Amino acid sequence: LLALITSAASLAEPPSAPALSEGPSLRARVSARPRLKVLKRLQAKGNRLLLGGSCDSAGRCSFEAKCAEPLLGGTIALSGRSLRWSRLWLLPGLADAATRVEVCSAVDLRTGKPDAELRLGLRRAFSKRGLSLVHAVPLSPPLGGEQEGGGRSPPLRLEVGATLDVPAEVTLSARDPRAALRSARFSVDIDRADLCVEY
């Protein structure tokens with residue numbers, strides 16, 4: 001299955017769809033770099049530990065271990081050569097305008113150099129370009145145990161993502177109402193294809 005995804009992503013960018021005389025144009029392309037992700041969830045003395053690794057079609061691999069830190073209520077993560085502690089606060093606000101405050105402290109395990117940072121932002125991260133869509137396709141029956149939020153995660157699934165670019169605005173004129181449709185440009189980019197194995 002991963003080989004099929006890789007071969008699909010390596011195809012040349014398909015030509016833009018021809019613009020219809022009375023309708024908008026649509027441009028489609030595939031920029032996803034397929035990845036194989038393996039996740040393992042463990043329980044140790046009441047603490048949850050997540051182990052994960054990924055490898056893409058170019059041979060780049062990464063590893064991460066993450067667990068909750070009960071003393072200060074944060075999260076400890078080991079990624080690459082960095083050991084990181086972080087804690088997140090979500091302050092009240094209006095709908096998606098709620099404030100996100102995150103405190104992070106990290107140390108480089110190779111050089112021993114420490115670092116700390118404070119991040120402020122909105123609770124919801126808005127896409128810089130277009131509308132981002134992600135869909136998980138189950139490839140096996142769900143696990144017997146429930147995860148956070150009551151959902152059940154299948155041990156084998158395909159996560160596919162795409163970004164849809166649409167015009168910022170469309171103006172309809174009474175003189176020529178079809179002019180806006182003829183000049184509208186839409187594009188879709190399949191930019192994510194992850195085969196996930198969780199056990």
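Which residues line the second largest pocket? This is a predicted model. The lining consists of Arg35, Lys37, Leu39, Leu50, Leu51, Gly52, Gly53, Ser54, Ser62, Phe63, Glu64 and Lys66. Confidence across the chain averages a pLDDT of 76.

**Second largest pocket**
- The volume of this pocket is about 170 Å³.
- Strands E2 (35-44), E3 (47-56) and E4 (61-69) are the elements that give two or more residues to the lining.
- E3 gives the most, with 5 residues.
- By class, the lining residues divide into 4 nonpolar, 4 polar and 4 charged.

**Leu83 and its surroundings**
- Leu83 sits in strand E6, which spans residues 82-91.
- Leu83 counts as partly exposed because its relative accessibility is 34%, between the 20% and 50% cut-offs.
- Leaving out residues up to four places away in sequence, Leu83 touches Ile76, Ala77, Leu78, Ser105, Ala106, Val107 and Leu109.
- Leu83 and Asp108 are 25 residues apart in sequence, with their C-alpha atoms 6.6 Å apart in space.

**Confidence**
- A pLDDT of at least 70 is reached by 72% of the residues.
- Strand E5 (residues 74-79) has the highest confidence, at 90.
- Helix H1 (residues 2-9) has the lowest, at a mean of 50.
- Residues 11-21 stay under 50, and the model gives this stretch 9 contacts beyond four places in sequence.
- Residues 145-150 are also below 50, with 7 contacts beyond near neighbours in sequence.
- Where pLDDT is low, predicted coordinates should not be read in detail.

Note on methods: Residues are numbered from 1 along each chain as its sequence is written. This is a predicted model: local features need pLDDT of at least 70, side-chain atom pairs count only at pLDDT 80 or more; totals for chains, interfaces and linings use all residues. Side-chain values use heavy atoms; hydrogens and water are left out. pLDDT is the predictor's confidence in each residue, from 0 to 100. Helices (H or I, at least four residues) and strands (E, at least two) are DSSP runs, numbered from the N terminus. Contact means heavy atoms within 4.5 Å. On a 1 Å grid over the protein atoms alone, a cavity is a set of points where a 1.4 Å probe fits but cannot get out, and a pocket is an open set with protein on both sides within 12 Å along at least five of seven lines; lining residues have an atom within 4 Å of a point. Grid points are joined across faces, edges and corners, and a volume is the space filled by probe spheres set on the points. Ala, Val, Leu, Ile, Met, Phe, Trp, Tyr, Cys and Pro count as nonpolar, Asp, Glu, Lys and Arg as charged, and the others, Gly among them, as polar. Buried means under 20% relative accessible area, exposed over 50%, partly exposed in between (1.4 Å probe, protein chains only).
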